[in-house]
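Biologist: I'm new to this one. Can you put it up and walk me through it?
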Amino acid sequence: MKKNDYIKIFDTTLRDGEQSPGASMFIDDKIKIAKSLDAMGVDIIEAGFPVASKGDFESIELVSKEVKNSTVCALARAKKKDIEVAGLSISKAKNSRIHTFIATSKLHMKYKLKLNEKQVMDHIKSSVKLAKKYTSDVEWSCEDASRSKRDFLYKCIELAINSGANTINIPDTVGYSVPFEFSQLISDIKENVSNIDKSIISVHCHNDLGLAVSNSIFAIISGARQVECTINGLGERAGNASMEEIVMALKTRNDLLPFKTGIQTKLITKTSKLVSKITGFDVQPNKAIVGANAFAHESGIHQDGMLKHSNTYEIMTPESVGLKETKLVLGKHSGKHAFSVKLQELGYKISKKNTDKIFSNFKELADRKKDLYEEDIIALVEDEIIRVNNHIKFISLIVNCGSEGSQKAELELEVDGFVKKVSSIGQGPVDAVFNCINKLVPNKAKLNLYQVNAITKGTDAQAEVTVRLEHEDKSFVGKGSDIDTLVASAKAYLHSLNKIYIKTENKLSIKALNG
Ligand code: KIV
Ligand code: ZN
């Protein structure tokens with residue numbers, strides 16, 4: 001092991017991450033995340049699976065145009081159409097990659113692919129060779145590698161490299177492996193695949209047993225030089241290895257793990273928040289690195305130790321992951337210039353038109369809330385960003401609630417440019433608000449989750465509401481924030497409906513509204 005070997009970070013938040021049930025994203029959202037990953041120094045961004053839908057294709061095309069430094073990668077099965085579409089989708093990228101895969105485990109080959117070993121090998125050869133016609137940078141994955149028969153796996157890897165694959169990705173697709181076993185698998189591949197030195201070994205670990213990060217790190221120790229991971233550990237089922245955990249483990253324990261990455265760790269918190277806001281997936285408070293409590297010290301003994309020397313209970317600084325002390329910022333009398341400077345300080349590059357809109361929302365908030373924190377500004381910006389292209393927009397809400405009389409709401413929305421107003425009663429104010437929305441936007445979605453969090457401290461804190469709707473067996477998560485919990489609730493419900501509207505190709509019957 002050479003000192004400080006470079007580990008490539010391959011982020012798959014936009015592909016495997018989006019496969020988390022309910023984590024679907026709009027195209028604009030994906031661009032925003034891709035830009036953030038690019039700024040962070042991610043080496044490869046897996047932008048999607050373009051053959052899956054027109055929207056996926058378009059988003060990869062746009063990401064390819066917008067990303068400045070990272071390589072943009074598109075996923076393809078070992079099928080001609082998949083690879084051709086993948087090749088087209090990344091054609092505008094400065095640096096492009098096709099990632100093609102086929103399963104190599106008996107179980108997958110027999111039941112899923114219905115192919116024998118020879119047929120799988122034929123697919124490997126033809127798919128890698130075809131991918132090579134679109135880009136010189138081709139990654140090949142042996143899906144379910146950790147449960148594949150060793151001799152067959154070695155033969156497949158050798159063939160993929162001979163066919164032109166520069167990166168060989170070894171996935172623990174079902175999160176079944178344990179660290180010493182996965183590490184041995186990488187060592188065995190290095191020992192038994194004759195041409196392995198012509199490629200970079202990558203690993204892609206799922207977290208079904210909570211071992212994705214450990215497995216990835218053990219694989220690095222054995223010689224993997226690329227790790228596939230996601231922000232906040234998003235991904236299929238229990239998710240993928242979390243990028244922030246791998247990167248910070250390598251940085252913090254560089255004494256035992258002498259590797260480096262190109263990640264600007266100070267951008268971790270901001271990117272994590274962005275991904276959480278866009279997908280609607282809250283980060284658990286005790287999640288390593290990016291959880292709200294990751295740097296909080298509650299017990300007296302810990303607080304006392306921290307006051308005497310921060311190293312007593314802190315192995316890395318909050319600043320190193322971009323977490324700043326919550327600060328009071330700006331106020332009612334702040335001008336637009338100071339506000340724009342603050343946005344820049346927070347790392348946002350926002351057009352003049354959007355800055356004006358967010359500034360006007362900021363002034364409104366400042367009138368209603370005594371202390372404004374950075375979190376409030378971040379919430380305003382993210383709220384505006386996720387709503388830019390919404391078909392259904394919130395305009396106003398009046399609610400009657402309390403212990404006397406019925407709970408009644410009056411809601412005004414704009415749907416594809418048409419303004420409509422309706423009123424409704426309900427079993428409580430939230431129910432009344434949601435009944436209004438359902439009258440204006442008739443739909444069959446089922447409400448599976450309604451959750452409220454406070455963004456900052458104080459009784460005048462903004463509420464952040466999360467709503468999860470189920471529509472045709474798929475989950476759609478929406479978020480909304482406002483100083484008024486009911487307005488935040490309406491926004492969150494509309495955010496989910498907007499996602500359904502886009503993802504189901506406008507199947508919601510909102511036409512009724514426009515008459
Ligand atoms: O988990 C997996 O095996 C995958 C492959 C497409 C790499 O996501
Ligand atoms: Zn995966």
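Biologist: Which residues coordinate the zinc ion (ligand 2)?
Modeller: Asp16 (OD), His204 (NE2) and His206 (NE2), at 2.0 to 2.1 Å. Donors here are N, O and S atoms within 2.8 Å of the metal (3.2 Å for Na, K and Ca); water is not among the atoms, so sites may look incomplete. Keep in mind that this is a predicted model, where local features need pLDDT of at least 70, side-chain atom pairs count only at pLDDT 80 or more, and totals for chains, interfaces and linings use all residues. Residues are numbered from 1 along each chain as written, chains are lettered from A and ligands numbered from 1 in written order, and side-chain values use heavy atoms, without hydrogens and water.

Biologist: What spacing do the donors follow along the chain?
Modeller: D-x187-H-x1-H. Asp16 and His206 link distant parts of the chain, 190 residues apart. Asp16 is in the loop between strand S2 (8-11) and helix H1 (27-40). His206 is in the loop between strand S8 (200-205) and helix H8 (212-222). Helices (H or I, at least four residues) and strands (E, at least two) are DSSP runs, numbered from the N terminus.

Biologist: Is Asp16 buried or exposed?
Modeller: Buried, at 2% relative accessibility. His206 is buried as well, at 4%. Buried means under 20% relative accessible area, exposed over 50%, partly exposed in between (1.4 Å probe, protein chains only).

Biologist: New topic. What is phi of Arg237 near?
Modeller: Near 50°, a positive value in a residue other than glycine. Most residues other than glycine have a negative phi. Arg237 lies in the loop between strand S9 (226-229) and helix H9 (243-252). Arg237 is partly exposed, at 46%.

Biologist: And where is Glu472 found?
Modeller: In the loop between strand S15 (463-471) and strand S16 (474-482). Phi of Glu472 is positive too, near 45°.
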